[in-house]
Amino acid sequence: MWNIPNLLTLFRLLLIPVFITFFYSGLENARFWSALVFCLAAITDALDGYLARKLEQFTPFGAFLDPVADKVMVATALVLVAVDIKTLWVIIPTIIIISREIFISALREWMASLGKRANVAVSNLGKYKTIAQMLALIALIWQPTLSLLSWFTPVGMLMLYIATILTVWSMYEYLRSAWTDLSTV
């Protein structure tokens with residue numbers, strides 16, 4: 001259970017209070033440090049999966065905890081950004097993305113109870129959604145004020161909308177894959 005991929009996942013969970021603390025600390029460059037901690041969490045997300053495959057260190061604990069850590073970190077970041085920016089242009093995508101995560105988690109659990117979890121396994125579209133989400137959140141957490149980097153926040157908003165489109169699209173694909181089982185009377 002205590003292999004490198006699982007330790008990275010636990011580390012990612014431990015980064016959440018650090019991320020929140022930096023975000024609200026009021027320290028000089030706090031937003032940069034908060035974005036950096038979030039970026040580190042995103043890297044550990046990619047790294048733990050890679051290492052689990054490469055080292056063949058899959059565990060039931062890791063299979064359970066990894067998606068929980070991902071969803072808690074992303075939901076926390078989305079909520080902080082939505083509360084900070086306070087506009088429907090961020091709040092609506094936040095609600096869509098968090099709702100989709102809850103919906104797909106429930107769908108996967110239900111499909112697993114039918115022995116058909118593979119029908120709703122993570123797809124490449126879901127991975128692209130995650131990448132777009134992470135890039136958007138890094139930019140929207142940081143929101144650099146230097147004129148040289150003034151493009152960063154608008155690109156973050158664009159990536160948030162790309163992530164939202166991919167979120168809806170991937171949810172549709174997962175639903176389509178499970179539809180036969182969902183529509184059975």
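Which residues line the largest cavity? They are Arg12, Phe38, Ala41, Ala42, Asp45, Asp70, Met73, Val74 and Met134.

This is a predicted model, in which local features need pLDDT of at least 70, side-chain atom pairs count only at pLDDT 80 or more, and totals for chains, interfaces and linings use all residues. Residues are numbered from 1 along each chain as its sequence is written, and side-chain values use heavy atoms, without hydrogens and water.

A cavity is a set of points on a 1 Å grid over the protein atoms alone where a 1.4 Å probe fits but cannot get out; a pocket is an open set with protein on both sides within 12 Å along at least five of seven lines; lining residues have an atom within 4 Å of a point. Volume is the space filled by probe spheres set on the points, joined across faces, edges and corners.

| Space | Volume |
|---|---|
| Largest pocket | about 1,400 Å³ |
| Second largest pocket | about 210 Å³ |
| Largest cavity | about 40 Å³ |

The largest pocket has 42 lining residues. Closest to its centre are Asp45, Asp66, Pro67, Asp70 and Val122. Two or more lining residues come from each of α1 (4-24), α2 (30-54), α3 (60-85), α4 (88-113) and α5 (124-142). Helices here are DSSP runs (H or I, at least four residues), numbered from the N terminus.

The second largest pocket has Asn29, Arg31, Trp142 and Leu149 among its lining residues. α2 gives the largest share, three residues.

The structure holds one cavity of 30 Å³ or more. α2 supplies the largest share of the largest cavity's lining, four residues.
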